[in-house]
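Let's take a walk through a protein structure together. Have a look at it first, and then we'll go through it piece by piece.

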Amino acid sequence: MLAFRRALLAAPSSTHDDFFVFVHAAGGWDVTLWSDPRNERKGIVEPASTANSEVGPIRHWKSVPLDGRVKTFEVVTPPGSSLRLGPAIGDLFDLHDRITILNGIAMNTVSHDDGTVFSATGRHKSGGSVPAPSIDVMLASELGTTQLMPDVSVGFPSYFVGPALDQRAIPLRVSTVDTITKSLERSQAFLDTADRDAISAVLAEEGDALATRSGASDPIAQLVGQQREMPKLLQPEFVSAFTTRTLQKAYPQFKFGVRDGHAAQGAAFAVEAFRRNVARCVSYSVGGLDTHNTNYREHAKTLQDLFDSIAALVKVLDETPHPTLSATRLSERTHIVVISEFCRTPMINLIGGRDHYPNNSALVISPRFKRGRSFGATDAEQVLPTPFKTFADGSRAIAPPDVLATVLGAFGIDPRKYMRDGEIVRELLA
Amino acid sequence: MKVVALVALVACGSGSDSIEATKPTPLVPRREVVLDTGTQPHRRMVQPEQFLRAYLTWFGGLSPSEVQKQAGRGLFDQWNDYIGALGLPDYRIDVPRAGQSNPLMLAAIARLGEALCVRASEHDLAKSTPLADRQIFAFDANPSPTLDEFAKGFDTLHRTFLGYPAALAPPARVGRFYALYQKVQTETQTRTSRSSLAPVQAGWAAVCTALIQHPEAQLY
């Protein structure tokens, strides 16, 4: 509680000008390739090497001998920094003084589904259900309800659960960015924008009339509120700004051709939505990391693509003015959190891949966090989480609830309003 | 021998005296019908599947693939594009069924509803379509109806989409929809750019599009 009060005092008074990007690296990432690098055989650790990885495309891979002709990588150490990074860090290397890395996050699960939910909500699944809201929904509920689209979730594990949330924060969950624009696109050949505005106005009036007569008016009021937003969403100019083609043209910095293009689409959508001040949170998911067999050879490249896209996002935010604050760049008020469901085994399995492992890392790029540093640790021989500090419930490793509580605490939000577990880790905050 | 027989008789006799007849009990009901007679605590959103089934039934018992075919041509393309936005579970990316509506879901449902209404008005309100063959607009549509004339047609749609006569709805409703009809119909007449729908078709398509998105149709 004391920690929360301190965090509350530290938080600036206005947080309604902040924006959030959450990225889910789906499949479980190999932390030894970026955040918690291992280049020695120790205990059960078999490091990434020329024997198990395609190292050619990895720009920060500098070979050092491992065993005979097999070579591993040299740990990447940015000049003047205490950070130790793996070779898959990609273009984030250039932004090393702006990133915060959390290592040794205890997951207590190796299930994709459960790990994803745990990382995004701070709770394990309960009887198959998700018992708590996800971080994007919590922040959208607190800070984004006046936005046209408080929370856009493109394949991200977003969950709207619990009575404390504002209904307006219900995430717009879609599989691709194109789904959003396609749902909003309207032909002008039959009914046109003016006709649809008239329809929305009638529906809003009908809803208002029903709400005043109804004993349970909340859901009607919610529906009416959404109907009132519709004309703004259906504006042709607004819709066309978010098509993949327009985004691709507007933001050539993002590599739309890489893999399925989800990272580029999500990042470009986020910048455009923030620039127009229509969304508070944009979350997306990037896959390709579940590498149990020889597809592990591509794992480092997949990670590098992911971090390249995050770095590109930060650089574009650096160049984009904030929509409501003068002389402020978007990057000064945009907070990026990248999570995964767990990491991969330190040993290589019989078919050349790595399986699921109950350790994890997270990446935060936020002016509210201490930057250019990593926190938390794993043991040398098994890459399992080691105690981070003495929490209220004793000495233990940091866990997803602590990470999420700290993100909330950085904006003066009491995590207990939404979360059962987790403590604000004051040491992480700037 | 006589003594043994006597003992056995006594023993049997005493036992039979202690047996009580089984009392009749009512049969266990084979199936108990539980009616939810309590007050509904909250209005809930109709499941997306219910929405879609209702839409397909209203517009002539169409199959989803028929909708894709009929409502295409710029109004609606593929179901796959809208799975998440319609609130349906998308198992390709592990998105569960949506429990609450959001503006995007309403927009996607509205897009489908508008497509079906426009197609129905094109078909039903064409001069060549006999009354018996009209699926939705099964009434004589005067291009410039009086309020009473409009109310008759509106009642047909109201019964179809909301399930009860318009006369039982709040009194202001007919007037509101009449104003909507007049606005769209008049503006269609004056616009030069539109040629796809006649004014009467556009007016009734707008009324239909509004009614299928009505809060009474979306909440229960």
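## Where the two chains meet

Keep in mind that this is a predicted model. Let's start with the place where chain A and chain B come together. On the chain A side, 45 residues are in contact with 53 residues of chain B. Put together, the two chains bury about 4,300 Å² between them, and 63% of that is on carbon and sulfur atoms. Within chain A, the residues that lose the most area to chain B are Phe190(A), Glu206(A) and Leu223(A), which together make up 16% of what that side buries.

Charged partners show up here too: the count between chain A and chain B is five salt bridges. One of them pairs the side chains of Glu206(A) and Arg173(B), with 2.6 Å from N to O.

Helix 5 of chain A gives the largest share, with 13 residues. Sorted by class, this side of chain A has 23 nonpolar, eleven polar and eleven charged residues.

## Tucked away in chain A

Why is helix 4 of chain A described as largely enclosed by the rest of the structure? Six of its eight residues are buried, so the helix is largely enclosed. The buried ones are Val177(A), Thr179(A), Ile180(A), Thr181(A), Ser183(A) and Leu184(A).

Now hop over to Ser35(A), which lies in the loop between strand 1 (19-25) and strand 2 (63-67) of chain A. Is Ser35(A) buried or exposed? With a relative accessible area of 3%, Ser35(A) is buried. Leaving out residues up to four places away in sequence, Ser35(A) touches Arg84(A), Ile101(A), Asn103(A) and Ser361(A).

## The cysteines

A disulfide is a covalent bond between the sulfur atoms of two cysteines. Over all chains, the structure holds one disulfide, and it joins Cys117(B) to Cys208(B), with 2.0 Å from S to S. This link is left-handed, with -70° about the S-S bond. It ties together distant parts of the chain: Cys117(B) is in helix 4 (residues 103-124) of chain B and Cys208(B) is in helix 7 (residues 199-212) of chain B, 91 residues apart.

Cys117(B) is buried at 0% relative accessibility, and Cys208(B) is buried at 0% too. Over in chain A, Cys281(A) is buried at 0%, and Cys343(A) is buried with a relative accessible area of 0%.

Definitions and conventions
Residues are numbered from 1 along each chain as its sequence is written. Chains are lettered from A and ligands numbered from 1 in the order in which they are written. This is a predicted model: local features need pLDDT of at least 70, side-chain atom pairs count only at pLDDT 80 or more; totals for chains, interfaces and linings use all residues. Side-chain values use heavy atoms; hydrogens and water are left out. Contact means heavy atoms within 4.5 Å. Buried area is the accessible area (1.4 Å probe) that two parts lose on being put together, summed over both. A salt bridge is a side-chain nitrogen of Lys or Arg within 4 Å of a carboxyl oxygen of Asp or Glu. Helices (H or I, at least four residues) and strands (E, at least two) are DSSP runs, numbered from the N terminus. Ala, Val, Leu, Ile, Met, Phe, Trp, Tyr, Cys and Pro count as nonpolar, Asp, Glu, Lys and Arg as charged, and the others, Gly among them, as polar. Buried means under 20% relative accessible area, exposed over 50%, partly exposed in between (1.4 Å probe, protein chains only). A disulfide is a pair of cysteine sulfur atoms within 2.5 Å.
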